[in-house]
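Hi,

Here is the model I promised to pass on.

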Amino acid sequence: MLTTRYVTGAPNWLDLGTPDIDGATSFYGGLFGWEFRPGPPEAGGYGFFQLEGRTAAAGMQTGPDQGPPSWTVYFQTPDADATAKAAEQAHGSVLMQPMDVMDQGRMAILADKAGVPFGIWQPGRNKGLDVTQVPGTLCWVELYTADLPMAAYFYRAALGLETYAVDFPGGTYTTVLPDGQSEDGMFGGIVPLADDPLEAKEGAYWMPYFEVADTDATVAKAQELGGRVRLPATTVPGVGRVAKLADPYGARFAVIKSEPRTSS
(Lines give C-alpha, C1' and ligand atoms only; values in the text may rest on other atoms or scores of the structure.)
Protein backbone atom coordinates (compact mmCIF):
# COMPACT_ATOMS: atom_id res chain seq x y z
CA MET A 1 0.00 0.00 0.00
CA LEU A 2 1.03 3.60 -0.56
CA THR A 3 2.17 5.20 2.69
CA THR A 4 4.19 8.18 3.91
CA ARG A 5 6.98 5.82 5.01
CA TYR A 6 8.69 6.61 1.73
CA VAL A 7 11.26 4.27 0.25
CA THR A 8 13.24 4.49 -2.99
CA GLY A 9 10.96 4.05 -5.98
CA ALA A 10 7.67 4.72 -4.18
CA PRO A 11 5.41 7.69 -5.01
CA ASN A 12 6.20 10.51 -2.60
CA TRP A 13 4.72 13.62 -4.24
CA LEU A 14 1.88 14.66 -6.53
CA ASP A 15 1.11 17.94 -8.22
CA LEU A 16 -1.43 19.49 -10.55
CA GLY A 17 -0.75 21.72 -13.54
CA THR A 18 -3.88 23.73 -14.33
CA PRO A 19 -4.78 26.84 -16.36
CA ASP A 20 -6.81 28.19 -13.41
CA ILE A 21 -5.44 27.55 -9.93
CA ASP A 22 -8.31 29.44 -8.29
CA GLY A 23 -10.88 27.39 -10.17
CA ALA A 24 -9.00 24.18 -9.40
CA THR A 25 -8.86 25.13 -5.72
CA SER A 26 -12.61 25.64 -5.71
CA PHE A 27 -13.18 22.27 -7.39
CA TYR A 28 -10.85 20.15 -5.25
CA GLY A 29 -11.77 22.07 -2.13
CA GLY A 30 -15.41 21.21 -2.68
CA LEU A 31 -14.59 17.61 -3.61
CA PHE A 32 -11.94 16.66 -1.04
CA GLY A 33 -11.98 19.47 1.52
CA TRP A 34 -8.59 20.81 0.44
CA GLU A 35 -7.33 24.34 1.09
CA PHE A 36 -4.63 25.88 -1.13
CA ARG A 37 -1.64 27.42 0.64
CA PRO A 38 0.62 29.39 -1.72
CA GLY A 39 4.34 28.79 -1.41
CA PRO A 40 6.89 31.58 -0.91
CA PRO A 41 7.29 34.24 -3.64
CA GLU A 42 10.34 32.45 -5.05
CA ALA A 43 8.15 29.36 -5.70
CA GLY A 44 6.62 31.11 -8.70
CA GLY A 45 3.00 30.47 -7.78
CA TYR A 46 3.51 26.86 -6.72
CA GLY A 47 1.53 25.96 -3.63
CA PHE A 48 0.14 23.16 -1.50
CA PHE A 49 -3.29 21.55 -1.27
CA GLN A 50 -3.77 20.84 2.40
CA LEU A 51 -6.25 18.67 4.25
CA GLU A 52 -6.62 19.73 7.88
CA GLY A 53 -3.20 21.38 7.75
CA ARG A 54 -1.36 18.45 6.15
CA THR A 55 -0.14 18.52 2.54
CA ALA A 56 -2.13 16.08 0.40
CA ALA A 57 -0.96 17.37 -3.02
CA ALA A 58 0.46 20.47 -4.67
CA GLY A 59 -0.25 22.54 -7.75
CA MET A 60 0.32 25.63 -9.81
CA GLN A 61 -1.12 27.57 -12.71
CA THR A 62 0.43 26.57 -16.03
CA GLY A 63 0.26 27.86 -19.59
CA PRO A 64 -0.53 26.00 -22.82
CA ASP A 65 3.19 25.70 -23.58
CA GLN A 66 3.56 23.57 -20.43
CA GLY A 67 1.30 20.78 -21.64
CA PRO A 68 -2.36 19.96 -21.01
CA PRO A 69 -3.89 20.18 -17.54
CA SER A 70 -2.78 17.08 -15.67
CA TRP A 71 -1.64 15.45 -12.47
CA THR A 72 2.04 14.45 -12.21
CA VAL A 73 3.12 11.59 -9.96
CA TYR A 74 6.63 11.82 -8.43
CA PHE A 75 8.72 8.87 -7.26
CA GLN A 76 11.36 8.93 -4.54
CA THR A 77 15.02 8.77 -5.52
CA PRO A 78 18.20 9.14 -3.46
CA ASP A 79 19.92 10.77 -6.45
CA ALA A 80 17.85 12.68 -9.03
CA ASP A 81 20.78 13.09 -11.41
CA ALA A 82 21.59 9.38 -11.43
CA THR A 83 17.91 8.49 -11.94
CA ALA A 84 17.61 10.91 -14.86
CA LYS A 85 20.67 9.31 -16.44
CA ALA A 86 19.25 5.82 -15.86
CA ALA A 87 15.98 6.86 -17.51
CA GLU A 88 17.84 8.06 -20.60
CA GLN A 89 19.86 4.85 -20.74
CA ALA A 90 16.56 2.90 -20.63
CA HIS A 91 15.40 4.86 -23.71
CA GLY A 92 13.33 7.39 -21.80
CA SER A 93 13.90 11.15 -21.85
CA VAL A 94 14.49 14.08 -19.52
CA LEU A 95 11.78 16.72 -19.96
CA MET A 96 13.07 18.96 -17.16
CA GLN A 97 16.65 18.61 -16.00
CA PRO A 98 17.34 17.89 -12.32
CA MET A 99 17.19 21.09 -10.27
CA ASP A 100 17.26 22.09 -6.64
CA VAL A 101 13.99 23.41 -5.18
CA MET A 102 15.45 25.79 -2.61
CA ASP A 103 16.42 23.57 0.35
CA GLN A 104 13.34 21.39 -0.02
CA GLY A 105 14.78 18.76 -2.34
CA ARG A 106 15.90 18.07 -5.90
CA MET A 107 13.50 17.21 -8.70
CA ALA A 108 13.26 16.41 -12.39
CA ILE A 109 10.52 15.60 -14.87
CA LEU A 110 11.19 12.52 -16.98
CA ALA A 111 9.30 10.51 -19.59
CA ASP A 112 9.32 6.78 -20.12
CA LYS A 113 10.03 5.11 -23.45
CA ALA A 114 6.40 5.66 -24.53
CA GLY A 115 6.61 9.36 -23.68
CA VAL A 116 4.55 9.22 -20.47
CA PRO A 117 5.73 11.99 -18.11
CA PHE A 118 6.44 11.49 -14.41
CA GLY A 119 8.46 13.25 -11.75
CA ILE A 120 11.23 12.25 -9.39
CA TRP A 121 11.82 13.80 -5.98
CA GLN A 122 15.06 13.58 -4.01
CA PRO A 123 14.01 14.68 -0.52
CA GLY A 124 15.70 17.55 1.25
CA ARG A 125 13.77 19.30 3.99
CA ASN A 126 10.56 18.20 2.28
CA LYS A 127 10.28 14.43 2.67
CA GLY A 128 7.06 14.12 0.65
CA LEU A 129 3.30 14.28 1.10
CA ASP A 130 2.19 14.55 4.72
CA VAL A 131 -0.83 12.27 4.41
CA THR A 132 -2.05 9.38 2.22
CA GLN A 133 -4.69 6.63 2.32
CA VAL A 134 -7.36 8.56 4.25
CA PRO A 135 -10.38 10.12 2.46
CA GLY A 136 -9.27 13.05 0.32
CA THR A 137 -5.72 11.81 -0.23
CA LEU A 138 -3.63 9.74 -2.65
CA CYS A 139 -3.97 5.98 -2.17
CA TRP A 140 -2.89 4.30 -5.45
CA VAL A 141 -1.39 5.12 -8.87
CA GLU A 142 -1.92 3.39 -12.19
CA LEU A 143 0.05 3.53 -15.44
CA TYR A 144 -1.86 3.12 -18.68
CA THR A 145 0.48 2.13 -21.49
CA ALA A 146 0.44 0.45 -24.89
CA ASP A 147 3.31 -1.91 -24.04
CA LEU A 148 3.28 -3.46 -20.57
CA PRO A 149 6.55 -5.45 -20.88
CA MET A 150 8.38 -2.37 -22.15
CA ALA A 151 7.00 -0.29 -19.27
CA ALA A 152 7.98 -2.94 -16.73
CA TYR A 153 11.52 -2.98 -18.15
CA PHE A 154 11.81 0.81 -18.16
CA TYR A 155 10.62 1.39 -14.59
CA ARG A 156 12.78 -1.45 -13.33
CA ALA A 157 15.83 0.14 -14.98
CA ALA A 158 15.02 3.74 -14.01
CA LEU A 159 13.42 3.41 -10.56
CA GLY A 160 14.15 -0.17 -9.46
CA LEU A 161 10.47 -1.11 -9.50
CA GLU A 162 9.31 -4.72 -9.49
CA THR A 163 6.09 -6.03 -11.04
CA TYR A 164 3.87 -8.67 -9.50
CA ALA A 165 0.93 -10.36 -11.24
CA VAL A 166 -2.29 -10.69 -9.26
CA ASP A 167 -5.00 -13.00 -10.58
CA PHE A 168 -8.63 -11.94 -10.45
CA PRO A 169 -11.82 -13.31 -12.04
CA GLY A 170 -11.40 -12.77 -15.76
CA GLY A 171 -7.75 -11.86 -15.91
CA THR A 172 -4.50 -10.71 -14.33
CA TYR A 173 -3.57 -7.32 -12.91
CA THR A 174 0.08 -6.24 -12.90
CA THR A 175 0.99 -4.48 -9.68
CA VAL A 176 4.09 -2.38 -9.01
CA LEU A 177 6.24 -2.20 -5.89
CA PRO A 178 9.71 -0.97 -4.90
CA ASP A 179 12.61 -3.38 -5.20
CA GLY A 180 13.04 -5.54 -2.11
CA GLN A 181 9.61 -4.80 -0.63
CA SER A 182 7.00 -7.40 0.29
CA GLU A 183 3.59 -7.56 -1.37
CA ASP A 184 2.39 -5.04 1.22
CA GLY A 185 4.62 -2.52 -0.56
CA MET A 186 2.49 -2.54 -3.72
CA PHE A 187 1.46 1.02 -4.52
CA GLY A 188 0.06 0.84 -8.05
CA GLY A 189 -0.49 -1.07 -11.22
CA ILE A 190 0.18 -1.15 -14.95
CA VAL A 191 -2.74 -1.56 -17.36
CA PRO A 192 -2.37 -2.17 -21.12
CA LEU A 193 -4.35 0.40 -23.11
CA ALA A 194 -5.73 -2.48 -25.19
CA ASP A 195 -7.54 -3.68 -22.05
CA ASP A 196 -9.21 -0.33 -21.39
CA PRO A 197 -11.02 1.31 -24.33
CA LEU A 198 -11.74 4.45 -22.27
CA GLU A 199 -8.07 5.16 -21.61
CA ALA A 200 -7.04 4.05 -25.10
CA LYS A 201 -9.06 6.98 -26.49
CA GLU A 202 -7.25 9.55 -24.36
CA GLY A 203 -3.73 8.14 -24.28
CA ALA A 204 -1.08 6.77 -21.94
CA TYR A 205 -0.47 8.43 -18.56
CA TRP A 206 -0.02 7.92 -14.81
CA MET A 207 -3.39 8.26 -13.05
CA PRO A 208 -3.68 9.04 -9.33
CA TYR A 209 -6.41 7.48 -7.20
CA PHE A 210 -7.81 9.38 -4.23
CA GLU A 211 -9.49 7.60 -1.34
CA VAL A 212 -13.05 8.79 -0.60
CA ALA A 213 -15.67 7.97 2.01
CA ASP A 214 -18.47 7.52 -0.57
CA THR A 215 -17.71 7.05 -4.26
CA ASP A 216 -21.25 7.75 -5.49
CA ALA A 217 -21.53 10.94 -3.46
CA THR A 218 -18.10 12.07 -4.71
CA VAL A 219 -19.15 11.50 -8.33
CA ALA A 220 -22.31 13.54 -7.82
CA LYS A 221 -20.32 16.33 -6.15
CA ALA A 222 -17.75 16.35 -8.97
CA GLN A 223 -20.52 16.85 -11.52
CA GLU A 224 -22.06 19.61 -9.41
CA LEU A 225 -18.67 21.37 -9.30
CA GLY A 226 -18.20 21.20 -13.08
CA GLY A 227 -16.15 18.01 -13.36
CA ARG A 228 -16.68 15.22 -15.89
CA VAL A 229 -17.47 11.58 -15.19
CA ARG A 230 -15.27 9.38 -17.36
CA LEU A 231 -16.31 6.09 -15.75
CA PRO A 232 -19.37 5.93 -13.47
CA ALA A 233 -19.05 4.44 -10.01
CA THR A 234 -18.29 0.73 -10.42
CA THR A 235 -17.70 -1.96 -7.82
CA VAL A 236 -14.54 -4.02 -8.34
CA PRO A 237 -14.83 -7.16 -6.19
CA GLY A 238 -12.09 -7.39 -3.61
CA VAL A 239 -10.88 -3.87 -4.38
CA GLY A 240 -13.59 -1.29 -3.79
CA ARG A 241 -15.96 1.09 -5.54
CA VAL A 242 -14.15 3.09 -8.22
CA ALA A 243 -14.96 6.00 -10.53
CA LYS A 244 -12.84 7.87 -13.07
CA LEU A 245 -13.26 11.62 -13.26
CA ALA A 246 -11.76 14.73 -14.85
CA ASP A 247 -11.70 18.16 -13.26
CA PRO A 248 -13.29 21.14 -15.07
CA TYR A 249 -10.02 21.74 -16.97
CA GLY A 250 -9.50 18.14 -18.10
CA ALA A 251 -6.99 16.73 -15.56
CA ARG A 252 -7.78 13.02 -15.18
CA PHE A 253 -7.94 11.17 -11.87
CA ALA A 254 -9.85 8.40 -10.11
CA VAL A 255 -11.56 8.03 -6.76
CA ILE A 256 -12.11 4.87 -4.73
CA LYS A 257 -13.75 3.75 -1.53
CA SER A 258 -11.45 0.86 -0.83
CA GLU A 259 -12.67 -2.39 0.63
CA PRO A 260 -11.26 -2.93 4.13
CA ARG A 261 -8.02 -4.87 4.11
CA THR A 262 -8.30 -8.29 5.68
CA SER A 263 -5.43 -10.16 7.22
CA SER A 264 -4.85 -13.68 5.95
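Some housekeeping first. This is a predicted model, so local features need pLDDT of at least 70 and side-chain atom pairs count only at pLDDT 80 or more, while totals for chains, interfaces and linings use all residues. Residues are numbered from 1 along each chain as its sequence is written, and side-chain values use heavy atoms, with hydrogens and water left out.

**The sheet**

There is an open sheet of 8 strands with mixed pairing, in the order β2-β3-β4-β1-β5-β8-β7-β6. Its edges are β2 (35-38) and β6 (93-101), each of which pairs on one side only. From one strand to the next, the twist averages 30°. On terms: helices (H or I, at least four residues) and strands (E, at least two) are DSSP runs numbered from the N terminus, and two strands pair if DSSP finds at least two bridges between them.

Inside the sheet, β1 is worth a look. It is largely enclosed by the rest of the structure, because 8 of its 8 residues are buried. Here buried means under 20% relative accessible area, exposed means over 50%, and partly exposed is in between (1.4 Å probe, protein chains only). β1 runs antiparallel to β5, with 6 bridges joining them, and parallel to β4, with 4 bridges. Leu16 shows up in both pairings: it stands opposite Trp71 in β5 and opposite Gly59 in β4. Further along, β3 (residues 47-51) and β4 (residues 54-61) run antiparallel and are joined by 5 bridges, with Gln50 opposite Thr55 in β4.

**The helices**

Helix α1 (residues 21-32) lies across β1 (11-18), β2, β3, β4 and β5 (70-76), and runs at about 130° to β1. Helix α3 (residues 148-159) lies across β5, β7 (105-111) and β8 (117-123), running at about 20° to β8. For these angles, axes are lines fitted to C-alpha atoms, for helices over the stretch in contact, and the range is 0 to 180 degrees between N-to-C directions. Contact means heavy atoms within 4.5 Å.

α3 also packs on helix α2 (residues 80-89), at an angle of about 150° and with the axes 8 Å apart. The two are therefore roughly antiparallel (under 35 degrees counts as roughly parallel, over 145 as roughly antiparallel, 65 to 115 as roughly perpendicular and the rest as oblique). Thr83, Ala86 and Ala87 of α2 make the contact with Phe154, Ala157, Ala158 and Leu159 of α3. Those residues divide into 6 nonpolar, 1 polar and no charged, where Ala, Val, Leu, Ile, Met, Phe, Trp, Tyr, Cys and Pro count as nonpolar, Asp, Glu, Lys and Arg as charged, and the others, Gly among them, as polar.

**Strand β13**

β9 runs antiparallel to β13 and is joined to it by 6 bridges, with Leu138 opposite Phe210. The pairing of β13 with β16 (residues 252-258) is parallel, over 3 bridges, and there Glu211 stands opposite Ile256.

**Single residues**

Glu199 sits in helix α4 (residues 197-202) and counts as buried at 0% relative accessibility. Leaving aside neighbours within four places in sequence, Glu199 is in contact with Tyr144, Leu193, Tyr205, Met207, Arg230, Lys244 and Arg252.

Thr235, in strand β14 (residues 228-236), is partly exposed at 47%. Not counting residues up to four places away in sequence, Thr235 touches Gly240 and Arg241.

Met102 has a phi of about 50°; it is found in the loop between β6 and β7 and is partly exposed, at 42% relative accessible area. Gln133 has a phi of about 75°; it is found in the loop between β8 and β9 (138-145) and is partly exposed too, at 23%.

Over to you!
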